[in-house]
Amino acid sequence: MSAAITRSRTPDRLCAEAVDLARAAAEEAAAPGVVGEHAGLVSEGDRVVTHFFECKELGYRGWRWAVTVARASRAKFVTLDEVVLLPGPDALLAPEWVPWSERLRPGDMGPGDLLPTDAEDLRLEPGYSGEDEPPPNSAVLHEMAELVEAEDAEVTAGPPANFSVAPSRGSIASVAEELGMRRARVLSRYGLHVAADRWEEAYGPKTAMAQAAPASCVSCGFLAPIGGAMGQAFGVCANEFSPADGHVVSLAYGCGGHSEAAVMPKPPRPAPPVIDETRVDPFPLRPSPDSGSVPVGADEESVELGHS
């Protein structure tokens, strides 16, 4: 490393003593009464020192006025370099920018809102692949079978024959027990219709959310189908950002969180500011002679005709 680019950690004496010059520059850049006490200094390099002053302006708690002064080699006069307001170690700063997709919480979506999904959303997968594979919750999976056996071992103390009340052999209850139908009664047609009307009233096609939705739940990837006769008209919503998450919804229902409503692009992140302090932009004090429509030299024909 050459000596030209090395920075001295010891502040220059003349630059360090130029507190009045730095304060005057800070007071000229700031509003009256905003510049506070001198809060220290730091050496920026050879004969370059930055003075810090407290900022008393409301809303800028912990910020400091930074005034950089410099001195040329073998010069006895200190000159002003720049004045800027910088945050201190305990400054009150704005929170870090977060994309809206990460700020969204369940329940934020209302009627008419559109929630696009990412093209690589981990909650979704292609629906036209893996036909030969059993579904994740299928009983033929080895892992699922072990889980079922473990849960049954914890819930029940033994096989149904060891229960205190067992159906008599040869009865309808015994046959139902053998076929796996252990419920004594099931929903009637009236019970199904009443439940369907209740579910459709809460999450059906006539709700305000469904009226403003871009598509219905029948084509949504977040819809978990249910079995039985009710599965022909209803399903369970599995989108955590949907107002119907975990509820039974009509296939004609819909919301802005539809999986195929739109593909969410990558959230743009603001680029850090780039300040080139090594380049000087020239600004001419007078316009260039050839910048306008009037020629630089005199027009010979105009001179002969007497035009000025």
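A charge counts as sitting over a ring if NZ of Lys or CZ of Arg is within 6 Å of the ring centre and within 35 degrees of the ring normal. In this predicted model, Arg 64 meets that description: Arg 64 lies over the face of Phe 52, at 4.0 Å from the ring centre.

Let's turn to the aromatic rings. The whole structure holds 3 aromatic pairs. One of them joins Trp 199 and Phe 234, which is edge-to-face because the ring centres are 5.5 Å apart and the planes stand at 80°. Trp 199 belongs to helix α6 (residues 189–202) and Phe 234 to strand β7 (residues 234–237), so this pair links distant parts of the chain, 35 residues apart. Another edge-to-face pair is formed by Tyr 203 and Tyr 253, with 5.6 Å centre to centre and 85° between the planes. Tyr 203 sits in the loop between α6 and α7 (208–211), and Tyr 253 in the loop between β8 (248–250) and β9 (263–264), so the pair ties together parts that are 50 residues apart in sequence.

Here is how these ring residues stand in accessibility:

| Residue | Relative accessible area | Class |
|---|---|---|
| Trp 199 | 27% | partly exposed |
| Phe 234 | 4% | buried |
| Tyr 203 | 17% | buried |
| Tyr 253 | 3% | buried |

And the cysteines? A search of the whole structure finds 0 disulfides.

Methods:
Residues are numbered from 1 along each chain as its sequence is written. This is a predicted model: local features need pLDDT of at least 70, side-chain atom pairs count only at pLDDT 80 or more; totals for chains, interfaces and linings use all residues. Side-chain values use heavy atoms; hydrogens and water are left out. A disulfide is a pair of cysteine sulfur atoms within 2.5 Å. Rings of Phe, Tyr and Trp (its six-membered ring) pair if their centres lie within 6.5 Å; planes under 30 degrees apart count as stacked, over 60 as edge-to-face and the rest as tilted. Helices (H or I, at least four residues) and strands (E, at least two) are DSSP runs, numbered from the N terminus. Buried means under 20% relative accessible area, exposed over 50%, partly exposed in between (1.4 Å probe, protein chains only).
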